[in-house]
Amino acid sequence: MNKQKKTKIVTITLNPAIDQTLYFSQFHVGQVNRVGRKCLDPAGKGINVAKVIQSLGHDVAVSGFLGRENAYFFEQYFQAAGISDHFIRVDGATRVNTKIIDESTGQVSEINFPGIQYNASNFQELKNVIMQLAEEAKLFVLSGSLPGNAPLDLYREFTEILKSYDCKVFLDTSGGALAEGLKAKPYAIKPNLSELEQLIGHSLEQERDVLNAVETLISGGIAKVVISLGGKGALIADGRQRLLVRPPDVRVSSTVGAGDALVAGMVYGEAQGMSLEEQARWATAVAAASVAQPGTQAGQLYEVEKLIPNVIIKEWEV
Ligand SMILES: Nc1ncnc2c1ncn2[C@@H]1O[C@H](COP(=O)(O)OP(=O)(O)OP(=O)(O)O)[C@@H](O)[C@H]1O
Ligand SMILES: [Mg+2]
């Protein structure tokens, strides 16, 4: 295998969106409202992960589906960020999801579209692109929910293909897509606590219960399991170690995309050849730096580096 392939990262986003955030000093339902200011941001979990990896200074490629009609919005963004664009253009426009922020109450109302309906040939084309990328890249992130008409086992199929190219797959999804995807034994998964509970089928009250669930996943053939616990941090495990990782104290600006930043930090650590402990420390600092930024903005490398010494790691004996 060539050395470059070892560290190349690709993220896949099947159902991206443009987030349109509208700010109102006060929002009145049923009346005419004047917009104070407006933000347009590219959204979608794989795109968020890529944004964070790029801001850490590591090259990243992105793929998935974009509606041809408004693809220019993403193209401009990828170009400015230096992200390598391998998205497939499909007929139609990528959905624009609107968030209405009432600044007097802080309330957020969201209006979301279902997204483009893809057809079988779109999925086949994406498989072909993934196979091409797998010749060059080693680390793949499959993240986010599946579009409504995607086969439930799509992540399973992608994972099987990628493993046949000796690639490592980081899978961050939920519900049936996660349960099916797990059957292909991705290299790593990152459910949050409620996604893990849904997967296991019952609530996990104690840290010990979470640990038992992690044991089951590891013994089932998942090499790295990351359970994110919001502000409490994460439980990060491989075949040898069980680490409880507590984040540093930061001023919380927005926890949107915190999970994506944690995944980005894990994949970045993998590309750098870090030990599990180093990787856990980095990923947690990356997530904390992202939480300290508004929206889904990523923290810069120097901000992450400042937070690293304040990450607390406790190891459980296995
Ligand atoms: N208040 C906080 N302070 C510091 N770090 C935080 C805070 N909230 C979350 N994090 C970090 O972000 C990580 C991921 O958070 P969380 O468990 O909320 O992910 P998630 O539910 O998958 O989020 P997402 O909405 O992005 O999918 C945590 O493991 C933690 O490291
Ligand atoms: Mg998540």
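Between β4 and β5 the chain passes through helix α3 (residues 71-81) in a β-α-β crossover that is right-handed, a term applied if, with the strands pointing away from the viewer, the path from the first strand over the helix to the second runs clockwise. The model is predicted, and local features need pLDDT of at least 70, side-chain atom pairs count only at pLDDT 80 or more, and totals for chains, interfaces and linings use all residues. Residues are numbered from 1 along each chain as its sequence is written, while chains are lettered from A and ligands numbered from 1 in the order in which they are written. Helices (H or I, at least four residues) and strands (E, at least two) are DSSP runs, numbered from the N terminus.

Strand β1 (residues 9-13) is joined to β4 by five bridges, with Ile-9 standing opposite Val-60, and strand β6 (residues 88-90) is joined to β4 by three bridges, with Ile-88 opposite Phe-65. In β4 (residues 60-67), eight of the eight residues are buried, that is, 20 or more other C-beta atoms lie within 10 Å of their own, whereas exposed residues have 12 or fewer, the C-beta atoms being placed from the backbone. In a regular strand the side chains alternate between the two faces of the sheet. Both faces of β4 are covered, with Val-60, Val-62, Gly-64 and Leu-66 buried on one side and Ala-61, Ser-63, Phe-65 and Gly-67 buried on the other.

Helix α8 (residues 207-219) has 13 residues, which at 1.5 Å a residue should span 18 Å, and its end C-alpha atoms are 18 Å apart, in agreement; the expected span is 1.5 Å times one less than the number of residues. Ala-213, Val-214 and Leu-217 of α8 are buried. Seen down the axis of α8, the buried residues fall within an arc of 100 degrees (the arc of the directions from the helix axis to the C-beta atoms), so they line one face of the helix. The face turned away from this buried side carries the exposed residues Arg-208, Asn-212 and Ser-219.

Of the 20 residues around ligand 1, Ser-228, Gly-231, Ala-258, Gly-259 and Ala-287 come nearest. The elements giving two or more residues to this shell are α9 (258-271) and α10 (276-291).

Notes:
Near = placed C-beta within 6 Å. Pairing = 2+ DSSP bridges.
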